[in-house]
Amino acid sequence: MHELVGALRSYAWGSRTALAQLCGRPVPSAHPEAELWFGAHPADPAHVRLGDDTRSLLEFLAADPARELGSAASEFDGKLPFLLKILAAEEPLSLQAHPSVEQAKVGWERENRARVPLDSPLRNYRDDNHKPELVVALDRFEALAGFRDPRRTVALLRALDVPALMPFADLLAAQPDSAGLRTLFTTWITLPQNVLESLLPAVLDGCVRYLHGRGERMFIPEVRTALELAEAYPGDAGVLAALLLNRLTLEPGQGLFLAAGNLHAYLRGLGVEIMANSDNVLRGGLTPKHVDVPELLRVLDFEPIDLPVVLPEYAPDGSLRYRTPAPEFALRRVDLPAGAEAPLTAAGPGIVLCTSGAVLLRQDGDELPLGRGAAAWISASDKEIRASAVDGAAQVFCACVGGDTTG
């Protein structure tokens, strides 16, 4: 086991306080800090601390994949199949979806044949992999995720009492299924700019009237979110598209899993995120970055879903696991009371991340202390690792290879 030095990434939507506080650095930070990557993604790998030196985790694994990854080396072509992050959103991320494996391979090959540079801002596919992802809230975490039941969306559109919205509400009411959602979303996302400039202000006026109205108000979070998005991204069709999505709040410890094709946008909050090792993103709005509407429509899944919250459940070893169907990763949480010790039976090959307090990892006579925001690489050859809380209660997340779908 070795300490990992995460790769810090700065984006405009990041926080100048959340990651700095978590990692015990001065607040506020000089720039918005959005993500701390613990993984072996070529774009920004973490580094393994080896005495007074460090080495890229990508190079470290490539030097001896059999030792470090065990049986996963042959299954995943000698590569770590997941990427673990801490995500800190102060402002909304773009409206986006990720492709399936099949879609990613086709898109990757198509853009390669067209000789689109890998670092081009117009590139959709930066690898040939899918990107299922799970985020677990460390504090209250707000998100839009998946298409809402069309009948509830019709009720929302009609509650806004905007005459210009009524034809769209009627359209969806006449076909309250995935086909109706596809038609409405496609119509909105491709509206001519002059039409959008007329419709969007009317919708926002309706949102303001709704918030100041009387009687039952079922859609206050959805309406407030539309107004917030419009303020951040004026004139963006993604504001209309956001009205079609589930609006949810994760409390600390709750998770959200997103499979291929699910349209989503993280709004704000701090969380641990794990995903297949991919950087493929198709954007649909709420961003100054490249938006490829035809390609987005090819990958989107318009089947409505319920609020996709993942609640942890106890595993036989006492850890809390977050079940997902993803074969590339499994994520478990271990909560340690002051002075407690627990085995990390699902740790390797993988990463242990401390998110609260401080822990001491022990393995075969070796010890490795981890403070809050610190992580360790656990080799497949490391056995019987135990974690003990130091100076109070502590919490760690264990990310490992292989889907956690059974006992």
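Visitor: In which helix is Leu58 found?

Guide: In this predicted model, Leu58 is part of helix 2, which covers residues 57–63.

Visitor: What makes Leu58 partly exposed?

Guide: Its relative accessible area is 35%. Buried would require under 20% and exposed over 50%, so Leu58, at 35%, is partly exposed.

Visitor: Which residues does Leu58 touch, not counting those up to four places away in sequence?

Guide: Leu58 touches Ala40, Pro42 and Pro45. As for Asp335, 277 residues apart from Leu58 along the chain, the two C-alpha atoms are separated by 30 Å.

Visitor: Why is Cys207 called buried, and what is Cys23 called?

Guide: Buried means under 20% relative accessible area. Cys207 has 0% relative accessibility and therefore counts as buried. Cys23 has 25%, so Cys23 counts as partly exposed.

Visitor: Which residues touch the most other members of the largest nonpolar core?

Guide: They are Leu160, Leu165, Phe185 and Trp188, in a core of 53 residues. Helix 9 (residues 193–212) supplies the largest share of this core, seven residues. Another core, of 40 residues, lies apart from it, and Leu36, Ala40, Leu61 and Ala326 are among its members.

Visitor: What is Phe185 in contact with, leaving aside neighbours within four places in sequence?

Guide: The contacts of Phe185 are Phe147, Ala241, Leu244, Leu263, Leu296, Leu297, Leu300 and Phe302.

Visitor: What makes strand 18 and strand 21 edge strands?

Guide: The open sheet has four strands in the order 18-23-20-21, with antiparallel pairing. Strand 18 (341–343) and strand 21 (366–370) each have a single partner strand, so one side of each lacks a neighbour in the sheet. Neighbouring strands are turned against each other by 20 degrees on average, direction ignored.

Visitor: How do you know that strand 20 and strand 23 pair?

Guide: Pairing requires at least two bridges. Strand 20 (residues 359–363) and strand 23 (residues 386–389) have four bridges, in the antiparallel sense. In one of these positions, Leu360 has Ser388 of strand 23 as its bridge partner.

Visitor: What does UniProt list for residues 3–148?

Guide: The unreviewed UniProt entry lists "domain: Phosphomannose isomerase type I catalytic" there. In the model, residues 3–148 are 24% helix and 29% strand, with the end C-alpha atoms 42 Å apart.

How values were computed:
Residues are numbered from 1 along each chain as its sequence is written. This is a predicted model: local features need pLDDT of at least 70, side-chain atom pairs count only at pLDDT 80 or more; totals for chains, interfaces and linings use all residues. Side-chain values use heavy atoms; hydrogens and water are left out. Buried means under 20% relative accessible area, exposed over 50%, partly exposed in between (1.4 Å probe, protein chains only). UniProt positions are given in the numbering used here, feature names are shortened, and annotations may be inferred rather than shown by experiment. Helices (H or I, at least four residues) and strands (E, at least two) are DSSP runs, numbered from the N terminus. A nonpolar core is a set of buried Ala, Val, Leu, Ile, Met, Phe, Trp, Tyr and Cys residues joined through side-chain atoms within 4.5 Å. Contact means heavy atoms within 4.5 Å. Axes are lines fitted to C-alpha atoms, for helices over the stretch in contact, and angles run from 0 to 180 degrees between N-to-C directions.
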